[in-house]
Each structure stands twice: as C-alpha cells, then as structure tokens.
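These are my notebook entries on one protein model. I set down what I looked up, in the order in which I took it up.

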Amino acid sequence: MAYDKDHANAEIYDLFTEASEKFKSTYKDYDVEFNITKYKYTDEKEQIPDKFGTDEACDLTYPGSFNNPTYTLSGRLASLDDIIDEELKNDIDPKIWEQCSVDGKIYMLPFNQLQNTLFVNEDMMKKAGLNRYISEKGQIAHWSTEEFNIILKGLKSSFKGDNKYPLAMFALDNQGDTHIMTFLRSYDSDIFDKNGYFNINTPEGIKALKWISKLNRDKLIPYGSENLDFLSNYDLFFNNQLAICYGNNVNLNDAKDKYGLNVFFANFPNMQGNGNATNYLSGFIVFDNNNEDKLKVSKDFVKFIYDNEEYWKYSLSATPVMNSYVKKHKDKVEYMDVYSKNSKNIVDARHNNLNWEGVRDVFHVCIQDLLRGDKSAKEVAKDIDENVMRQSKKV
C-alpha cells in the first residue's frame, strides 16, 4: 500500500500496526491486545473460514478477495451501520456504498478503490483522424456505443492491413472477466436481475453478444481472441499492435514510463454516452464470532481509523473513497481526482454473487464459444444465465 515515493513498501499490515498502538494507549473501555496476521491471498481459506468457531477466529480484516458476499450471506459478518455517521456517509459516493451493502445494511467500510477503464493509444487515434474523441489532458473520455463503433472502424481503416487491431479481447482463461462483462452493458443490459443473478438472455444482452461476435468477424479484435489471455493483449498494446486495452493508473505508469506510449483513459461505452467503469474496492470487514466484547472492540477500532485522518494516508495507494481527502491531496496521485469524480459511472461488477471464482471459470468458456462461432449469441446468453447462475448459488 505504497502511499508516496518514500514509503514504497508500505502495507496494510503497517496501518494496523500503527493504528493499533495508538488505539491501545487511548482506548478506555477495555484493555486490548492485537494479534495481527499477514497472509497471501491464496491462503485465505486456511486463515479465515477454516478458523471460524475456534479461538483463532479472525475478528476483523482488510480483504483483498471476492469472498465478502459469501461471508455476508452466510451470516459471518457484522453490520457496520452503527459506526457510520452522516458525515462519513456523505463523504463517500452512493455507488460505492451500494457495493458494500446487502439488503440495505453495510457490511464493509470502504477505504480505497482501483478503478478500471479503457486506456487508449492517443497517437493511433490522431493518425486515424479521431482527434475529436480524445479526452482533454488528464481527463477520462466518455463515449456512446455509437461513437465507440465509429472509433473502432476509423482505427481499423487507418491500419491499412498491418497486423494491428483496434480493441483488446480474450477468453483463454478467467482473467479479465469483469472487462468482458462490462462490454455486455454496451446496449443497456444491466447484466443482473433484481436478485443479483446474471440476466444476459434479454434483447439488450443478446444484442451485446451479437455485437462482440460482429467485432470478431470484422477483425476489430485480435484474430483468435478465444485463445488469447489477458496479458497477451497487454503485450500487443505495448507493442503498438493494439489501440484500445483495459487498465487503471497502475498500467498507465507502465505504458508511459516503461514503453513510452502516449495514452489516455476512456470509460467503457454505453448508449447514454457517459460510459461505465468498474472498480476493485477495498475496505474493512468485521466478523461476528459470537463474542460481544471482541465485536465491540473491533468496530471501535475500525471507527478509530476513520476518525483519525492521519491513517487515511494509506488509502493513497489507490484512489481514496473519502471525497474530502481526495480534494486535499488530489495533486499527490495522477488521475486521483478524476477517478473520484468518475465514481458516479461505476457499475457493480459482482453484485454480491457467491462463489465468484466459479462464476469466472464458467463465464470465459461461454465467451470462447461465442468467439469460436460454436454457439449463437442467444445460445451463449442462455448458457451464461443458466450455468453461471448455478455457480453463483454455491457457498
């Protein structure tokens, strides 16, 4: 969680360590000792669910996985509404609170976000005569689906048969699934129903799948995309063979500093023209381990972090969700203020679906079938709704 150039190796562990020392010395209700554990993302099962019901059960954590819906819907998490005052509630965009809530209750206190948009080779856009679609410097471009199609065709025409493509696409494995899902919103599909289950088998969803299939036939995406993985598209982009890829401000630094590319950001297209973005949201969750004392202390500690702005510096490792903090420090991180304002265009990429790893494993196979031409858009829409939903019901 590097928050400036002088703290390149800072971690959430450091935040917990720093805040816990001051909390212990100032907290009056209980004498508190902290047992702070750092573990790999792949070890979450051993560190969290396998310890439920034991003396080593986790009381609070800063998760970096997709498992929060499972913890929430299985009754393991405590609601945090009682430690959120109006000032904090109003300091964070409603779209972000929505991602932290289930059935109207808040189960994660958000801290920062890593927003995902498209990033675009500006030189290729200029060569294709598409200057009017380039964003102002330091801003995020917003395109309608109609404009996006004009851009893709204009780029393709400018390549004149070279081994170049306008838009990234991939389906070899489950990496980058949320990007493809966001493209399925291009013709006004919400992709989920009111219960959060996939709902692609609609006129809007089928139209988006037909659109992706047509992009493939018209060679506006790389040949054989069904056999390409996420990172292969980055290789093409960094090698000037791809005009539009997917990314965030981490990839921006690579594109500019490592590969010397002139790039800008754009939202995923939608019919309205304001565009869509997704995000990886991080924050604090508190487990209810049937111990009222520990539950109270855990909540009080999380509230202590939010009541003391000195700890918010750790949120600068991405884009802080606290708007007031962004305004104070917008010059510290490139695009931070712009991403913060773009939060209103975020779409919930997971919608509290359970077993997200299982969802991803099925979804990319459906897109493979589409890109290979093995199944029609309607057949793929039906497969996504039935097979992905079957996975999303597994706890």
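At what angle do the axes of helix α1 and helix α12 cross? I looked this up in the model, which is predicted. The axes of α1 (residues 12-26) and α12 (residues 292-307) cross at roughly 110° and come within 10 Å. Angles of 65 to 115 degrees count as roughly perpendicular, so α1 is roughly perpendicular to α12.

I then listed the residues that make this contact. On the α1 side they are Leu15, Phe16, Ala19, Ser20, Lys22, Phe23 and Thr26. Helix α12 contributes Val297, Asp300, Phe301, Phe304 and Ile305. Sorted by class, the contact of α1 with α12 has eight nonpolar residues, two polar and two charged.

Next I turned to Asp31, which I found in the loop between α1 and α2 (44-47). Is Asp31 buried or exposed? Its relative accessibility is 83%, and therefore Asp31 counts as exposed. Val297 is one of the α12 residues in the contact with α1.

Entry on the whole chain. I noted 16 helices and 10 strands in the protein chain. The radius of gyration is 22 Å, close to the 21 Å that the globule rule gives for 395 residues, so the chain is as compact as a globular protein of that length. Along the principal axes, the C-alpha atoms fill a box of roughly 70 × 45 × 35 Å. I recorded 56% of the 395 residues as buried. The chain exposes about 18500 Å², of which carbon and sulfur atoms supply 45%. I also looked at contacts between residues at least 6 apart in sequence: 75% of these join residues at least 24 apart.

Entry on helix α10. Which residues of α10 (residues 230-238) are buried? I found Phe230, Asn233, Tyr234, Leu236, Phe237 and Phe238 to be buried. Their cover includes the strands β4 (109-121), β7 (242-247) and β8 (263-266), together with the helices α8 (177-183) and α11 (249-258). Just after α10, I noted that Asn240 takes a positive phi of about 60°.

Asp188 is not a glycine, although its phi is positive, at about 80°. Ile191 is likewise a residue other than glycine with a positive phi, here near 65°. I then compared their accessibility with the cut-offs: buried means under 20% relative accessible area, exposed over 50% and partly exposed in between. Asp188, at 42%, therefore counts as partly exposed. Ile191, at 1%, counts as buried.

Entry on Asn68. This residue lies in helix α3 (residues 68-73). Its relative accessibility is 14%, so Asn68 counts as buried. What is Asn68 in contact with, leaving aside its neighbours within four places in sequence? I found Pro63, Leu77, Met108 and Ile285.

Technical notes
Residues are numbered from 1 along each chain as its sequence is written. This is a predicted model: local features need pLDDT of at least 70, side-chain atom pairs count only at pLDDT 80 or more; totals for chains, interfaces and linings use all residues. Side-chain values use heavy atoms; hydrogens and water are left out. Axes are lines fitted to C-alpha atoms, for helices over the stretch in contact, and angles run from 0 to 180 degrees between N-to-C directions. Helices (H or I, at least four residues) and strands (E, at least two) are DSSP runs, numbered from the N terminus. Angles under 35 degrees count as roughly parallel, over 145 as roughly antiparallel, 65 to 115 as roughly perpendicular and the rest as oblique. Contact means heavy atoms within 4.5 Å. Ala, Val, Leu, Ile, Met, Phe, Trp, Tyr, Cys and Pro count as nonpolar, Asp, Glu, Lys and Arg as charged, and the others, Gly among them, as polar. The radius of gyration is taken over C-alpha atoms; the globule rule is 2.2 Å times the number of residues to the power 0.38. Buried means under 20% relative accessible area, exposed over 50%, partly exposed in between (1.4 Å probe, protein chains only). Accessible areas come from the Shrake-Rupley method with a 1.4 Å probe; for residues, only the protein chains shown count as cover.
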